[in-house]
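Here's a quick tour of a protein model for your first look at structures. Keep the 3D view open and click along as you read.

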Amino acid sequence: SSIKPANHTRRFIGLSALLLSGSSVSAFSVYSSRRSVVHHLSPMSAAAKSDEANGGGRNIVVVGGGIQGTSVAFHLHQSSYLPEGSIITILESQKLASAASGKGGGFMARSWGDGSVTQQLHELAFDMYEKYCDGDDNMLGVTSYRKLPVLSVAPGQKASGKVDVRGNNPSLARVIPNWLDGSVGRLSPLGFGDDTAQITPKEFVEKMVEYMNKDGEDSGVKVVLGKCTGIEYELNDDVKVVTGVKYTPSSDGNSNEEKVLKADDVIVSAGPWSCQGEQWFEGAVQLPMEGVKSTSIVWKPPKDEDVDATALFCGEDYRFGTHLEVYPRPDGSIYICGIGGSDYITTQELQSDAFLTNCPPKEDRMEAAKTAFQTMSDTYATKGELMTVQACMRPCPPDAKPYMGSIPGYEGAYINAGHNCWGIAWAPACGKGMAELVLEGQCHCLDLTPFNPARFTKGSRGGRGRKKGNMNVGEQW
């Protein structure tokens with residue numbers, strides 16, 4: 001299931017994302033007792049400390065090669081604060097964009113936040129996508145980004161068959177797509193394309209990596225295929241200073257042979273499997289996570305026929321158990337999620353690699369989605385052909401807010417994970433914010449305070465007491 005504008009329950013916890021990241025507007029307050037040395041250093045002097053330690057730049061490892069992890073690597077690479085000679089490595093267990101970032105819809109909406117702490121992510125990321133991907137400023141060469149109108153569509157009650165939907169709704173005719181020609185109920189606009197857009201997330205991941213490596217991997221970002229198994233560190237008083245990331249290579253014949261990537265900093269970006277960080281960081285942080293596993297389908301582009309660019313958010317159709325989200329793409333294919341029948345995967349199951357290497361779709365949900373859509377579209381009922389049936393998981397913390405911040409008790413360890421259904425839409429903002437935190441010591445573009453990764457950790461304090469709106473007032477205990 002999927003995305004809805006504002007105030008929805010489990011469905012709002014939606015679609016995708018992958019990585020672990022850092023803390024917030026006062027990254028320094030997190031470090032104050034344990035990381036007092038860094039607390040007093042400027043960003044450049046902190047970099048100089050790393051330079052002295054490894055004879056060059058910093059060794060930075062991002063665990064996870066989805067859109068979130070790749071965005072972190074991209075913004076680290078683009079930062080003027082990255083010391084010369086630094087090595088950035090993406091450690092990915094399968095392949096780039098192998099999970100939700102390769103199977104998500106890629107819808108984004110600037111104003112669809114609910115006014116809560118995540119609104120800033122919607123707004124900044126939407127503007128960044130436009131800068132990176134649109135018109136003459138398309139620095140990445142992305143072909144799948146575009147703005148598009150959005151309609152809310154109630155299910156029709158009649159049997160399927162060709163219907164003149166445009167003629168029946170003249171005030172919306174200009175945004176009703178040519179393929180919406182079956183049985184539908186009431187239509188209403190959700191956006192006319194000024195603040196709603198789409199991108200194919202797999203392409204965005206690939207284009208970021210291509211851009212970073214356009215001058216060769218030596219000055220770009222390395223991609224290593226292997227599964228993270230732990231973090232190496234040196235003890236400095238009561239602080240664990242990161243020195244490496246342990247992993248088992250995915251391509252070696254002896255997959256049990258553990259190797260180590262040298263690291264001054266690690267940002268874990270492993271989508272729903274990021275909760276394995278509880279073990280990697282030896283219980284320093286608790287990361288409750290639920291994986292919402294859902295099926296999606298993609299229709300083939302029709303032959304010699306244009307596919308109009310209007311996205312649909314459909315009401316609950318009790319005949320099929322669906323609440324379809326329909327995203328036509330610039331290549332003429334149509335992506336559909338909101339199929340229903342999701343499975344809810346526990347933290348413990350995710351920590352045991354549930355669905356990491358194989359995430360099968362549900363055949364019955366595919367049939368339900370196919371029939372529901374063909375009821376709405378006579379074009380696809382008569383000429384449609386499915387291209388892809390797939391499934392992936394969305395990473396969902398209990399409070400529907402991501403984990404973004406530093407790992408307590410560690411120096412050089414961060415997490416950026418659990419972005420729910422908006423992981424793709426928020427990726428540029430999260431990547432930029434995490435890069436600032438890692439390289440500059442604090443995040444300037446976002447307030448990361450609400451996303452503190454230690455908020456569910458036993459023994460952590462705060463958040464209880466009087467409030468005025470979202471602001472703490474008086475003593476917190």
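T89 is buried, because its relative accessible area is 6% and buried means under 20% relative accessible area (exposed is over 50%, partly exposed is in between, with a 1.4 Å probe and protein chains only). You're looking at a predicted model, where local features need pLDDT of at least 70, side-chain atom pairs count only at pLDDT 80 or more, and totals for chains, interfaces and linings use all residues. Residues are numbered from 1 along each chain as its sequence is written, and side-chain values use heavy atoms, leaving out hydrogens and water.

**Around T89**
- You'll find T89 in strand β2, residues 87-92; strands (E, at least two residues) and helices (H or I, at least four) are DSSP runs numbered from the N terminus.
- Which residues is T89 in contact with, leaving aside neighbours within four places in sequence? They are I60, V61, V62, K222, V224 and L261, where contact means heavy atoms within 4.5 Å.

**How confident is the model?**
- The mean pLDDT of the protein is 86, and 83% of its residues reach 70 or more; pLDDT is the predictor's confidence in each residue, from 0 to 100.
- Residues 4-52 stay under 50 in pLDDT, and the model has 174 contacts beyond four places in sequence for them.
- Residues 461-477 also stay under 50, with 18 such contacts.

**The nonpolar cores**
- A nonpolar core is a set of buried Ala, Val, Leu, Ile, Met, Phe, Trp, Tyr and Cys residues joined through side-chain atoms within 4.5 Å.
- The largest one has 61 residues, of which L76, Y129, I199, F204 and I267 touch the most other members.
- Helix α13 (residues 423-440) gives the most to this core, with 11 residues.

- How many cavities of 30 Å³ or more does a search of the whole structure find? It finds 5.
- A cavity is a set of points, on a 1 Å grid over the protein atoms alone, where a 1.4 Å probe fits but cannot get out; lining residues have an atom within 4 Å of a point.
- The largest cavity holds about 230 Å³ of space, a volume being the space filled by probe spheres set on the grid points, which are joined across faces, edges and corners.
- Of its 22 lining residues, E92, S93, A270, W273 and L356 are the closest to its centre.
- Strand β8 (221-236) gives the most to this lining, with 3 residues.
- This lining has 9 nonpolar, 10 polar and 3 charged residues; Ala, Val, Leu, Ile, Met, Phe, Trp, Tyr, Cys and Pro count as nonpolar, Asp, Glu, Lys and Arg as charged, and the others, Gly among them, as polar.
- The second largest cavity has a volume of about 80 Å³, and P155, C314, D317, A372 and M376 are the closest to its centre of the 13 residues lining it.

- Most residues other than glycine have a negative phi.
- D237 has a positive phi of about 55° although it is not a glycine, and D237 lies in the loop between β8 and β9 (239-249).
- D237 counts as exposed, at 69% relative accessibility.
- D353 has a positive phi near 70°, and D353 sits in the loop between α10 (347-351) and α11.
- At 29% relative accessibility, D353 counts as partly exposed.

Methods
On a 1 Å grid over the protein atoms alone, a cavity is a set of points where a 1.4 Å probe fits but cannot get out, and a pocket is an open set with protein on both sides within 12 Å along at least five of seven lines; lining residues have an atom within 4 Å of a point.
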